[in-house]
Amino acid sequence: MTAPDSASALAVHKSEALLFFTLLQLTVIVIAARLGESLARACRQAPVVGAIIVGILLGPSLFGWLAPDAFDFVFHSSTPEPLQVLSGLGLVLVMFQIGLEFDFSHLTDRHNRRAVLTLAASGLVVPFAIGLVFGFYSAPLLSPGADRVHSALFVATAFSITALPVLGRIMMELDITQTRIGVLAISAAAINDVIGWIMLAVVTALSVATFDSGRFGLRVALVAAFVLLSIHVARPLLKRAVKASNPRDGRISANLLAGLLVVAFVAAMVTYQLGIFAIFGAFMMGVILFDERELVRAWRERMSGLITVFFLPLFFTYTGLRTSIGGLDTLDAWGWCALVVVLACVAKFGAAYAAARSSRLGHVEAAALGYMMNTRGLMELVVVNVGYDLGVISQQVFTMLVIMAIVSTVITTPALRHYLKRAEWSAVEERRHFPG
């Protein structure tokens, strides 16, 4: 065999090996996620919570601890890029679907808009302030060697984040996406997270000494321009295309489906370039089409199952591969972890509850909003991963924030079931009282 032939054979072998191990990872993840979701339903949790926990357990926290050789064979026999790319793609599709699923017509009411802004502002400012103080005074003990201010800024940003994709999935599973309370929560969470990602960009720039006020101002202006163009230019064009395709009875043409995917991907690329992460471009494209009910129904019939069963667990598992709960190996460390969980949850819940009450919502609605805004899922792990990579938070602080994210998400579904039962909300009743 000649040298070129040998090189070609080697390249083919490497490609086949990469495909083999990628398929092995996907097989393990899909099976584990289905088991986790079944167990979550048995425990009266939202299935997405089971997928989150399984994603963490597939990492070094359990699988890597119990069977290190098998763990290395499955997840470390090839490069992580395929799983990383697929998980990112899945998150883009999830965010597009979440945008489609919510009935934002409630925001035409001035009182509801004011409530959303109050919720978003309170849900950012109060947790950020508490996280900043905690991070500043705890940094010498928990992240020794890291810059004290930079460490505090990352902890504060992590305290402020709401898990928009996970919150959206929980509300979809509880059938409150078209209720007033659901739209208030998801709208406030969307604003919260857009500002949160901009804060992350600023904090990251400060940590690497590259912050430029002029560039930052330009970025904010470009984000605002993207939102305006989406509403006033992209929305009429897309609605015309949907009308021409005429989806109905849960059916959507191949051309329209392809067009929607292209639009979501292009918008995701735009927001990535603007520095607020790709998922918000896809979310915005879903939002501007929320009132196309036949389209929403057809998308759900065609794509929802694939996204939920395949793509979403990939995101959770990829994040779980970087998490090691075994890093908390002392009683003091677990005490600090408990303090992180309590401070973060009380700050977020308390701020949202107070904001809702100040907007003349009742105790039950305010408490439900508090729990929803406190849902962090794994979105905040984007923040802590960046902080950990930059060396401004330690492995222990990283793990504490992961545990806080899990706890805040696990308590959301039972709390919402309790308050939903008390308030007897349903999409039908809400549409009767708050018609679009």
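Analyst: Phe 349, Tyr 353, Tyr 371 and Tyr 419 are linked into a cluster by ring pairs. The model is a predicted one. A search of the whole structure turns up 15 aromatic pairs.

Phe 349 and Tyr 353 sit in helix H14, four residues apart, which is about one turn of the helix. Their ring centres are 6.0 Å apart, with 15° between the planes, and the pair is stacked. The cut-off for stacked is under 30 degrees.

How exposed are these two residues? Phe 349 has a relative accessible area of 24%, so Phe 349 is partly exposed. Tyr 353 has 22% relative accessibility, so Tyr 353 is partly exposed too. Buried would mean under 20%.

Now look at what Tyr 353 touches. Set aside the neighbours within four places in sequence. Tyr 353 is then in contact with His 363, Ala 366, Ala 367 and Gly 370. Met 373 is 20 residues from Tyr 353 along the chain, and the C-alpha atoms of the two are separated by 9.3 Å.

Helix H14 covers residues 331–358, and helix H15 covers residues 363–373. The two pack at an angle of about 145°, and their axes are 8 Å apart. The crossing of H14 past H15 is right-handed. On the H14 side, the contact is made by Lys 348, Phe 349, Ala 352, Tyr 353, Ala 356 and Arg 357. On the H15 side, the residues are His 363, Ala 366, Ala 367, Leu 369, Gly 370, Tyr 371 and Met 373. By type, the contact residues of H14 and H15 divide into nine nonpolar, two polar and two charged. Phe 349, Tyr 353 and Tyr 371 are among the residues of this contact, and they are also members of the ring cluster.

Phe 63 lies in helix H3 (residues 63–66), and Phe 75 lies in helix H4 (residues 68–75). They are twelve residues apart, and the pair links distant parts of the chain. The ring centres are 6.3 Å apart and the planes meet at 80°, so this pair is edge-to-face. Both Phe 63 and Phe 75 are buried.

Arg 148 lies over the face of Phe 136, at 4.1 Å from the ring centre.

Next, the wider setting. The chain has 19 helices and zero strands. Of its 436 residues, 52% are buried. Take the contacts with a separation of 6 or more: 83% of them come from residues 24 or more positions apart.

Arg 44 lies in the loop between helix H1 (3–42) and helix H2 (47–57). Arg 44 is not a glycine, but its phi is positive, near 60°. Its relative accessibility is 54%, so Arg 44 counts as exposed. Asn 246 is in the loop between helix H10 (213–245) and helix H11 (254–274). Asn 246 is not a glycine either, and its phi is positive, about 55°. With a relative accessible area of 42%, Asn 246 is partly exposed.

Key: Residues numbered from 1 in each chain as written. Predicted model: local features only at pLDDT ≥ 70, side-chain atom pairs only at ≥ 80, totals over all residues. Heavy atoms only, no water. Axes fitted to C-alpha atoms, helices over the stretch in contact; angles between N-to-C directions. Left-handed = near helix turned anticlockwise from the far one by under 90°. Contact = heavy atoms within 4.5 Å. Nonpolar A, V, L, I, M, F, W, Y, C, P; charged D, E, K, R; others polar. Phe/Tyr/Trp six-rings, centres within 6.5 Å; stacked < 30°, edge-to-face > 60°. Buried < 20%, exposed > 50% of the residue type's maximum accessible area, 1.4 Å probe, protein only. Lys NZ or Arg CZ within 6 Å of the ring centre and 35° of its normal.
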